[in-house]
Amino acid sequence: MKFDIRKTISEMTLNEKASLVNGAAFFEMFEIERLEVPALMLLDGGTGINFEQLFGDFYSKAEHTDGSVGNSLITRVIENYYHPEVLNDEEKALYDRIREYLLTLTGSDYSPSCFPSGILLGATFEPEVVYEMGASLGKEARLFGINILLGTPNINIHRDPLGGRLFEGFSEEPYLVSRLAPELVKGVQKMGVAANIKHFAANNQETNRVGINETISKRALQEIYLPGFKACVTEGRAKTVMSAYNLINGVPCSENKWLLTDTLRGEWGYDGMVVSDWGAVYHPVEALSAGNDLAMPGPVSGKPIVDAVEKGELPVEVLDLAVERLLRTIDFCKNNKDAYIPEVREKMYEETTKAAYEAASAGIVMLKNKNGTYPLSNGTDITITGSGAEKIVPCGTGSAGVNTDRTSVLAEALNRTLTDSSVKVNRFIDENAINSGENIIYIAVIGGMEGNDRRDMLLSSEDGENLARLCALKNTCDFKLTLVLNVCGPVDISEYEEKLDAVFVCFLPGMEGANALGDIMTGVRYPSGKLPITFPKHYEDTPTFLNFPGEGKEVNYGEGIYVGYRYYEKKKIKPAYYFGFGLGYTTFEITDLTLDAHEFEHEINGHVTVRNTGEREGAEVVQIYISDPVSTLPKPVKELKYFEKVKLEAGESRRIDFTLKERDFASFDPQHDMWLAEEGYYDIIAASSADPDDEHQRARVYLKNRNQYSYGIDSTVKVLYENSELHKLLLKFWTDNGWDRQVVETNYQYTPSRLLSEIFPSEPSGDSVDAFLRAVEKVRHL
Ligand code: BGC
């Protein structure tokens, strides 16, 4: 069935239109049977299909509740779905109905996959594994009859380490997000499921998340908070966008015309639909007018919309436009003829398991490996301890939570390879039973939680105390101590660090996380993840320390563009581990940084050579940063503009080519309200992390460019005065016009920020202006 969208709209009544732009159930849109407009199901699934929501939706429809999905009966059934034997008769009856319903969708029992969280995906620096994970999500969404998969992905920037949903997002670095996130979108949509990017925009905290008013500079929005969304729209071609709960500079995102219409549609050319976050529409008519097409959740009455149209307060064309966008999405979901049909479920199980494993093994980061403790050799005795000893926590809670019985176990993964080792598991270790030479693997857990920001950056008191005890024991006992951070974000481990032989960060790694970690620890795989967020030494060091989570319902993004490494490097505050850092089992050399010109206008090509200088295979992420040594706008010391993960055998080398475009050199200038790349010298840096100590090569290049920054009569007096060549030309220009030099000298004292043209004593002669412009154009920008 293909819609004739215009015809369908013309046949719809006002009531039907107003109903379509509002949810009909908690996770469902409105159905118009007579026009064959089906109800789409929207369900969360950034890390896997959210069964809690699926069951809740089924329950609310079956029981005709008002759409609320939480009660203790359904909760018991969800929590024990994989252990029905513990349910009482009433619960078992509901369980049977839900299972029967699922079987109508899937044919036989199928548990959803739990994939790694966004923060681990960020750590992969591998677009391909993100794509494969997206495709797997899409397949399972098809299987369960979900049309719009919410949070695929959540790409809100890692602004503050304590953000409750930080783990859902990919990174502090907008360029990394922009390269990875569109791949997830493409993977999901390849399967005929509409992806959904959220939360648009700048949804960076849980404290007062509904209604918090964020004061954010235009520049920070453009450079930090919007690029990931833009990439998902322009490259990923995402079909749906979710408007966020928060307000930006006083305007709720769901009612923000600048955001939803001028930027998203006007500038980025988006033609999909905007769905509100659940309960984020505060004023239905204002939201619709601003470009928010669907208010969720339902059921919600369309009456305010009908009334507004009838009173002439809302042009029906605005409603029609929203309906048109919704129908386009419905059309896509119902006519995905090229898309994968989930016919062979056995294969799907295998494919999704593989995708989860590959992503986890690409994203697990090794931060420390003293004296080659890893990979472990066969025969090493191991005790796994800590709050995650029995189970590595695979995902956070809330919309990104997944309820499944698909899992992996670290001890089993280690045992598979270390056939001569003893592997014990004990959450609380008996200190007297530690053997000399043993490797104690301490798994510390900090689970991520929607709705709740973390209180501090410390380990839990249980893990903190037990780990400290083990560290102290190292003074008298000869064993190796490994810390595995099974966490939702950065942690302050400064107290223990010196005593640790090895540190791994597995974040919330999904159902295959323990298998991937075990294989990395035993050398079946090598670690190749890199931190997608800087780990500060202490929370007080963070750029947002004084501005998070704000005061009441107000938060000031006072750090501006200085998020993550942009801040630490500028302020020369040494973090524990920089963005982009991660070790492998080998070493690399990055040499031969070559650019194809010394000077360029539109783009410049370059290359480096990466060589594996160690004894084992491994992967390096070559990171290309741009630094602007002298600039009109204040800028970070450097910014990431390209990366590539290179897998190499021992001794192997490869040339990596890259192209940098003029836009990569630009910053958003709030005064001119546009992106501008200033003429002048730039340094291109090839590095293995953002840490200044990890810079391998640097080359200087000159960008020739005429724009608002070019020297001329609209330069500021200060710019002309502070360059000796320009100063001379300015004085000549003054004399040519017969003006008293005193004017410009005096004016400098009072008005260095004024434009030259603003202080002309009279109209200058045309010839003198031409001569001045020709002369200043020749002066090089430093
Ligand atoms: C969350 C969204 C989620 C929605 C639907 C909201 O509370 O903020 O991320 O997609 O609920 O579950």
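Predicted model: local features only at pLDDT ≥ 70, side-chain atom pairs only at ≥ 80, totals over all residues.
Modeller: Local features need pLDDT of at least 70, side-chain atom pairs count only at pLDDT 80 or more, and totals for chains, interfaces and linings use all residues. Residues are numbered from 1 along each chain as its sequence is written, and side-chain values use heavy atoms, with hydrogens and water left out.

Biologist: Happy to start with the ligand; which residues come nearest to the ligand?

Modeller: A residue counts as near if one of its heavy atoms lies within 4 Å of the molecule. There are 14 residues around the ligand, and those that come nearest are D44, R165, K198, H199 and D277.

Biologist: How far does a polar side-chain atom of D44 lie from an oxygen atom of the ligand?

Modeller: A polar contact here is a pair of N or O atoms within 3.5 Å. For Y245, a polar side-chain atom lies 2.9 Å from a ligand oxygen, and for E450 the value is 3.3 Å. For D44, the value is 2.6 Å.

Biologist: Now to helix α13: which of its residues are buried?

Modeller: Helices are DSSP runs (H or I, at least four residues), numbered from the N terminus, and α13 spans residues 303-310. Buried means under 20% relative accessible area and exposed over 50%, with partly exposed in between (1.4 Å probe, protein chains only). K303 and E310, on the other side of α13, are exposed. The buried residues are I305, V306, A308 and V309.

Biologist: Against which helices do the buried residues of α13 pack?

Modeller: Contact means heavy atoms within 4.5 Å. The buried residues of α13 pack against α2 (14-20), α12 (284-290) and α14 (316-334).

Methods: Polar contact = N/O pair within 3.5 Å; in protein donor to acceptor, adjacent residues only side chain to side chain. Helix = DSSP H or I, 4+ residues; strand = E, 2+ residues; numbered from the N terminus.
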